[in-house]
Amino acid sequence: MIRFDSVTKTYDQKSQPALDGVSLDVDRGEFVFLVGASGSGKSTFIRLVLKEDQASKGAVYVAGQNVANIPSWRVPRLRRGIGVVFQDFRLLPNKTVFSNVAFAMQVIGRSRAVIRETVPDVLATVGLEGKNNRMPHELSGGEQQRVAIARAIVNRPGILLADEPTGNLDPTTSMGIMKVLDRVNQNGTTVVMATHDDDIVNTMRKRVVELRSGAVVRDDAQGIYIGETGAVVE
Amino acid sequence: MRLAFILSEIGSGIRRNLSMVTSVILVTFISLTFVGAAGLFQLQINQMKGYWYDRVQVTIYLCVDNSSETSCATGPVSEDQRAAIQAKLESDQFAPYVDTVSYESQDEALGHFRDQFANSPIVDSVTADQLPESFRVSLVDAEKYEVINEAFSSEPGVDAVSDQRDFLEAIFRYMNWASVVALGIAGIMTFCAILLIATTIRLSAFSRRRETGIMRLVGASKAVIQLPFVLEGVIAAVIGAVLASATLYGASRFLIDGWLVNTFPQTAFISSQQVLILVPALILLGAILAGLSSLLTLRRYVKV
């Protein structure tokens with residue numbers, strides 16, 4: 001589903017590359033944790049998949065297509081196949097929960113009828129039944145992140161990218177979010193989640209790819225979190 | 001659905017940015033008013049040129065009933081006098097100067113008069129016998145007007161020889177100046193309008209960067225992301241253009257129809273109906289102006 005072929009990304013010539021010769025395959029329906037310290041290249045990975053940035057060297061394939069060959073007018077189509085969730089939720093503060101999710105469908109031209117049918121279903125999937133008309137500031141952090149997930153998956157993308165989705169949440173709430181992401185994954189969506197939350201990684205027992213200074217230093221099928229000191233955190 | 005969505009985006013953009021949008025409306029309003037004023041001056045010049053400029057170089061007016069010139073002592077021009085004048089104009093002596101000669105009877109003069117002053121109330125009070133017959137002489141070299149003037153002004157039956165070119169050219173010169181000044185002001189104001197539209201779009205893009213960021217992420221097309229901004233500018237500019245058109249129409253009704261036509265009944269003025277010709281041009285100009293400047297701004301400030 002996502003393939004990195006010796007990808008190097010240099011933001012400016014003098015500094016060290018953000019990604020350095022990364023090769024990685026993520027299969028359809030997989031759940032992958034991308035771990036590593038801040039600045040290890042997790043966010044760069046996500047930006048390259050979205051074609052927010054271009055690889056300096058090597059090739060990035062998404063759904064079998066080299067993103068470098070996608071003309072700029074087709075990039076929106078690429079992004080429709082990818083849902084994204086961030087640490088800071090990025091909800092529209094002046095729209096209700098329903099409207100925030102509906103917004104993702106409106107901007108790609110879905111009909112009002114389809115939106116009215118789909119949004120409540122998706123909100124139920126993420127565990128937000130009955131909160132359609134709440135405003136984001138009336139929700140807890142965990143609930144806001146669920147809205148963000150609902151928005152990311154409402155257009156049924158094949159891939160969900162999550163950049164530290166539990167970074168702002170307490171452990172209990174985080175586990176709730178992980179259950180939601182796991183459910184999304186169960187429904188067939190490939191999930192790539194950047195995180196440095198050891199509890200979550202160790203509980204989920206999914207594939208773990210560790211980046212350090214832009215290079216893949218570890219790729220375990222059912223991995224655990226290893227701290228920066230090298231000590232196994234369990 | 002998509003249209004309704006874009007319209008609601010435009011609505012929220014305008015609401016958030018009301019003071020800037022208002023200033024865009026006012027600046028385009030003023031700049032397009034000056035553009036329109038320059039256009040009206042040109043229309044007026046054409047209106048006057050259309051009848052006079054190309055046809056008439058020198059006119060030899062023949063005596064009518066109440067002419068006061070000594071050459072008209074015998075009253076209205078007689079058949080013999082007219083024939084003599086015509087013969088003299090067509091003689092070999094003047095052949096090097098005269099290109100064509102045409103005769104205009106009193107009835108024809110009235111016809112032309114009515115055409116030219118169609119918008120003027122004076123039309124109804126003029127009759128053919130008040131207008132002089134004339135020979136319209138176009139010269140081989142328009143500068144040789146004095147030759148004709150000297151030779152014919154004291155000829156029996158000739159009331160006056162006039163070269164309207166000088167008179168018309170002076171007027172056209174002033175009007176051209178006025179339209180150049182109006183265009184100059186229009187140019188400066190248009191420049192202001194472009195800068196202001198660009199700034200407005202920039203502010204608008206900044207205040208909606210959350211929305212556009214999310215739109216990008218969920219795969220909204222470039223058109224859906226940018227169109228609300230472009231249309232916001234275009235709508236403001238078109239409102240300005242409509243205000244400018246209304247002002248020009250109002251001013252022309254008030255000034256031309258209401259005042260100039262009555263005060264200077266001898267002059268042919270454009271009608272306020274002709275102002276309406278300018279309206280689509282002004283609206284189109286406003287829309288293009290806003291559309292282009294917002295597209296250029298968006299290219300820099302809204303990443304797609």
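Predicted model: local features only at pLDDT ≥ 70, side-chain atom pairs only at ≥ 80, totals over all residues.
In chain B, residues 275-298 are 100% helix and 0% strand, with end C-alpha atoms 35 Å apart.

**The cores**

Now for the packing. The largest nonpolar core has 122 residues, and the ones with the most contacts inside it are A:Leu34, A:Val49, A:Val101, A:Ala150, A:Leu161, B:Val24 and B:Ile197. Helix H2 of chain B, residues 18-52, gives the most to this core, with 15 residues. What does B:Val24 touch, leaving aside residues up to four places away in sequence? Its contacts are B:Leu196, B:Ile197, B:Thr200, B:Gly233, B:Ala236, B:Ala237 and B:Gly240. Another core, of 16 residues, lies apart from the largest one and includes B:Cys72, B:Ile85, B:Val98 and B:Phe135.

Strand E1 of chain B (residues 58-62) is mostly covered, as four of its five residues are buried. E1(B) has an antiparallel partner in strand E3 of chain B (residues 134-139), paired over four bridges. In that pairing, B:Thr59 stands opposite B:Arg136. E1(B) also runs antiparallel to strand E4 of chain B (residues 158-163), to which five bridges join it. There, B:Leu62 has B:Val158 as its bridge partner.

Helix H7 of chain B (residues 209-217) is worth a look too. Its buried residues are B:Glu211, B:Thr212, B:Ile214, B:Met215, B:Arg216 and B:Leu217. Just after H7(B), B:Gly219 takes a positive phi of about 85°.

**The sheet of chain A**

Turning to chain A, you will find an open sheet of six strands with mixed pairing, in the order E6-E7-E8-E3-E9-E10. Its edge strands are E6 (82-86) and E10 (215-220), each of which pairs on one side only. From one strand to the next, the twist averages 15°.

E6(A) pairs with strand E7 of chain A (residues 159-163) in the parallel sense over five bridges, and A:Ile82 stands opposite A:Ile159. Helix H5 of chain A (residues 141-153) lies across E6 and E7, running at about 165° to E6(A). Helix H6 of chain A (residues 171-186) lies across strand E3 (31-35), E7 and strand E8 (190-195) of chain A, at about 150° to E8(A).

**Where the chains meet**

How many residues of each chain are in contact with the other? Chain A has 17 residues in contact with 14 residues of chain B. On the chain A side, the elements giving two or more residues are helix H2 (75-80) and helix H3 (97-106). H2(A) gives the most, with four residues. By type, the residues on this side of chain A divide into eight nonpolar, four polar and five charged.

How values were computed:
Residues numbered from 1 in each chain as written. Chains lettered and ligands numbered in written order. Pairing = 2+ DSSP bridges. Axes fitted to C-alpha atoms, helices over the stretch in contact; angles between N-to-C directions. Contact = placed C-beta atoms within 7 Å. Nonpolar A, V, L, I, M, F, W, Y, C, P; charged D, E, K, R; others polar. Core = buried A, V, L, I, M, F, W, Y, C linked by C-beta atoms within 7 Å. Buried ≥ 20, exposed ≤ 12 C-beta atoms within 10 Å, placed from the backbone.
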